[in-house]
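Subject: Structure handover

Dear colleague,

Here is the structure I said I would pass on. Please open it alongside this message.

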Amino acid sequence: MRYNIGLLKGDGIGPEIVESAVRVLETVGKKFGHEFVFTDYDIGGAALDKYGIPLPDATVEGCLASDSVLLGAVGGPKWDTLPGNLRPEKALLGIREAMGLFTNLRPAKLYSALKDDCPLRCDIVENGFDIMIVRELTGGIYFGERGMREGKYGEEAYDTECYSRMEIERIARVAFESARKRKGKLTSIDKANVLESSRLWRKVVHEIAEQYSDVECSDMLVDNAAMQLVRNPAQFDVIVTSNMFGDILSDEASQITGSIGMLPSASLGETSRGLYEPIHGSAPDIAGKGLANPIATILSAAMMLLYSFGLASESDCIVAAVDKVLDAGYRTADIAHGADSLSTTEITDKIIENI
Ligand code: NAD
């Protein structure tokens, strides 16, 4: 099969880590008989420097014409003083919106080889954890009505959390399907003891649950979820939650893995085309030094093979290669704790050797 992949390398370490993922994809393509065709599009600071805007139309059109899109990261001190609408990060919201991406999948897995990086007590993470957070991405309070007004005590500001049945149904279905492919356990996180929007969320999730009798579904209040993530993360398989709760909980979950350079993500919409990117930023402090850990981006490419192209064996092959390299003790500087480490290119070579 032939797949057209749009590349948004972006800024800082973006070009280095995307290059690593491209090399890994090319190796997988050769092994399994697929052709991956890559096309670069400008985004973020790189686009600002060339065109004066962070998200040119040509980039949006190119992404929409691709079978899927791999993003490095955007942003850096050079563009930090620009006004909000010209900030590189603005391009991220723009491209997600243009691609109609309403689901964000963020796995948070503790690799057995990296247990010492976890900030939690070792008895808590003895058996590791492997959580998939399914976050609603285009609704809720981040997109609701907002404003400033004069209130009882003078100047006040407000934001509105609003979810439609349709928005809850479609994200719930993604989460149930994901749970079905994993351990069959789904935790829906809300604040139904206080928020009306959460009560609708819970009602709709329960209705969809009736169509997925093979998935064990339960509810959890968001304050309890924040505690349970650090008390016993292994209890979770798939989590589904709203935009803001997902934003906060997925960052908490990523921190307890202890390794920001390891975590991939996928943003999906109605079509098979997705946007795949590491959860970290452009790390300007280490850009161009060969110090970037490319694993989050390589695992994002593995998610693309699975979720956009349905290539499960090919995807598993990348994940297994990463596992083997870590088990063999190879590390980039961010996870080496001062011990010997490999450069971005060297660890990519090791992963490629194991494919
Ligand atoms: P960051 O994630 O870029 O870096 C935080 C720390 O983690 C740094 O010390 C960095 O060196 C390290 N780090 C991150 N990724 C790494 C990797 N792959 N390998 C090794 N070390 C890694 O976050 P920040 O410093 O807050 O932000 C830097 C820039 O990135 C800012 O302009 C910010 O707006 C932008 N940003 C972009 C995205 C995105 O493109 N999705 C996300 C977050 C931040």
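The model is predicted, and the values here are computed from it.

Ligand site

The ligand is surrounded by 20 residues. The closest are V74, E89, G281, A283 and N293. Sorted by class, this shell is made up of 9 nonpolar, 7 polar and 4 charged residues.

Two of them involve the protein backbone and an oxygen atom of the ligand. At G76, a polar backbone atom is 3.1 Å from a ligand oxygen. At A283, which is also among the closest residues, a backbone N or O atom lies 2.8 Å from an oxygen atom of the ligand. As for cover, the ligand taken alone exposes 800 Å², and the protein buries 69% of that.

Helix packing

Helix α10, residues 312-327, takes part in two packing pairs described here.

An angle over 145° counts as roughly antiparallel, so that is how α9 runs relative to α10. The crossing of α9 past α10 is left-handed.

The partner in the other pair is helix α1, residues 14-32. Here the axes are 11 Å apart, and the packing angle is about 130°. With that angle, α1 and α10 are therefore oblique to each other. α1 passes α10 in a right-handed crossing.

Regards

Technical notes: Residues are numbered from 1 along each chain as its sequence is written. This is a predicted model: local features need pLDDT of at least 70, side-chain atom pairs count only at pLDDT 80 or more; totals for chains, interfaces and linings use all residues. Side-chain values use heavy atoms; hydrogens and water are left out. A residue is near a molecule or strand if one of its heavy atoms lies within 4 Å of it. A polar contact is a pair of N or O atoms within 3.5 Å; within protein, one must be able to donate a hydrogen and the other to accept it, and residues adjacent in sequence count only if both atoms are side-chain atoms. Accessible areas come from the Shrake-Rupley method with a 1.4 Å probe; for residues, only the protein chains shown count as cover. Ala, Val, Leu, Ile, Met, Phe, Trp, Tyr, Cys and Pro count as nonpolar, Asp, Glu, Lys and Arg as charged, and the others, Gly among them, as polar. Axes are lines fitted to C-alpha atoms, for helices over the stretch in contact, and angles run from 0 to 180 degrees between N-to-C directions. Helices (H or I, at least four residues) and strands (E, at least two) are DSSP runs, numbered from the N terminus. Angles under 35 degrees count as roughly parallel, over 145 as roughly antiparallel, 65 to 115 as roughly perpendicular and the rest as oblique. A crossing is left-handed if the near helix is turned anticlockwise from the far one by less than a right angle, and right-handed if clockwise.
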